[in-house]
Amino acid sequence: MTQPSSEPVIYLRGRFVPDSEASLSVRTHAFLYGTAVFEGIKAYWAPERETMFIFRAEEHFRRLVQSCRILRLKAPLDIRRMVELSAEIVVRNGCREDTYLRPIVYKADRRIGPILEIPDTVDDFCLFTAPMSAYLDTHKGLHVCVSSWRRIDDNMIPARAKCNGAYVNTALIKTDAALAGFDDAIALSDDGHVAEGSAMNLFLVRDGRLVTPAVSNNILEGITRATVIELARKELGIPVESRQVDRTELYVAEEMFLCGTATEVAAVTRIDHRAIGDGTVGPITRAIQDLFDQAIHGRLPDYMHWLTPAGTPVLSSQD
Ligand SMILES: Cc1ncc(COP(=O)(O)O)c(C=O)c1O
């Protein structure tokens with residue numbers, strides 16, 4: 001394995017190159033039309049084991065391949081190889097703190113025209129890392145609003161695909177919430193039902209049960225969402241309902257939290273200037289946060305299959 005270099009490396013066009021050399025033409029189709037799909041993956045430093053663990057890497061790359069299918073992109077590498085490269089880049093970049101990995105499959109063609117099926121075209125894969133600790137304060141109890149922007153619809157730009165261009169919707173939702181003084185925002189789908197946060201899924205507690213918008217409600221099928229559902233059912237014995245959620249259910253919930261790769265599990269204690277429950281972080285939210293924290297750091301023996309240790313022997317991808 002190559003020693004960590006001082007300048008981070010990026011995987012681009014089939015090889016690792018220094019960050020300063022990883023550039024693309026302004027004519028790139030993905031830059032002109034947003035025709036790329038991506039994943040956000042976290043790797044966590046586990047101090048007891050002196051190693052980085054990548055959380056649910058395989059599931060992220062499976063979703064990347066699904067996003068490719070929706071956008072008619074051809075991932076140039078298979079899932080196993082993309083997982084290997086992720087383990088390798090964490091070591092090459094000498095990461096020893098919580099780190100975000102961003103793999104992207106993008107339409108690299110340089111011809112003008114917003115069409116997805118281009119003869120003799122090339123779709124490429126790139127991957128970079130960035131240090132990332134907390135995206136939101138997970139424990140303070142966030143104040144969110146319901147956004148005046150609606151979530152993109154499955155028949156417009158599918159929310160199920162993690163498509164680069166679709167993050168303009170996220171940026172509008174997130175920015176207006178921040179400018180209005182909120183920590184984040186909940187987006188409704190075009191029919192007025194709750195979809196998700198700007199870049200995270202949403203859970204409510206109602207009558208001691210967890211409730212989350214269904215996968216058919218214009219949400220990203222979140223990997224953290226699936227993690228929370230599994231931990232809640234198996235470890236806490238809490239029933240989970242995945243169903244259509246009305247806006248006013250947000251106002252009468254006992255607890256609320258947001259979850260996602262960057263967000264992790266973040267407690268929400270106020271929405272649209274109304275307290276949620278008694279306005280403090282509730283016991284179910286705390287229990288889920290605690291289990292999630294143990295899982296990502298390799299402290300739950302039954303869930304070690306979710307973790308890929310960085311530095312796992314990998315095929316040489318360069319030289
Ligand atoms: C729009 C959107 N919803 C939900 C999520 C949460 O998904 P995951 O838990 O797979 O990161 C994300 C984060 O990537 C997102 O961008």
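Trainee: Where does the ligand sit?

Mentor: Before we dig in, this is a predicted model, where local features need pLDDT of at least 70, side-chain atom pairs count only at pLDDT 80 or more, and totals for chains, interfaces and linings use all residues. Residues are numbered from 1 along each chain as its sequence is written, and side-chain values use heavy atoms, with hydrogens and water left out.

Now, your ligand sits in the largest pocket. A pocket here is an open set of points on a 1 Å grid over the protein atoms alone, where a 1.4 Å probe fits, with protein on both sides within 12 Å along at least five of seven lines. To sit in one, a molecule needs more than half of its atoms within 2 Å of the pocket's grid points.

Around the ligand you'll find 15 residues, each with a heavy atom within 4 Å of it. The closest are Lys 162, Tyr 167, Glu 196, Thr 224 and Thr 261. Sorted by class, that shell has five nonpolar, six polar and four charged residues; Asp, Glu, Lys and Arg count as charged, Ala, Val, Leu, Ile, Met, Phe, Trp, Tyr, Cys and Pro as nonpolar, and the others, Gly among them, as polar.

Next, the polar contacts, meaning pairs of N or O atoms within 3.5 Å. The side chain of Tyr 167 has an N or O atom 2.5 Å from a ligand oxygen. For Lys 162, a polar side-chain atom is 2.7 Å from an oxygen of the ligand, and Arg 63 has a side-chain N or O atom 2.7 Å from a ligand oxygen. Taken alone, the ligand exposes 380 Å², and the protein buries 97% of that, using the Shrake-Rupley method with a 1.4 Å probe.

How values were computed:
A polar contact is a pair of N or O atoms within 3.5 Å; within protein, one must be able to donate a hydrogen and the other to accept it, and residues adjacent in sequence count only if both atoms are side-chain atoms. On a 1 Å grid over the protein atoms alone, a cavity is a set of points where a 1.4 Å probe fits but cannot get out, and a pocket is an open set with protein on both sides within 12 Å along at least five of seven lines; lining residues have an atom within 4 Å of a point.
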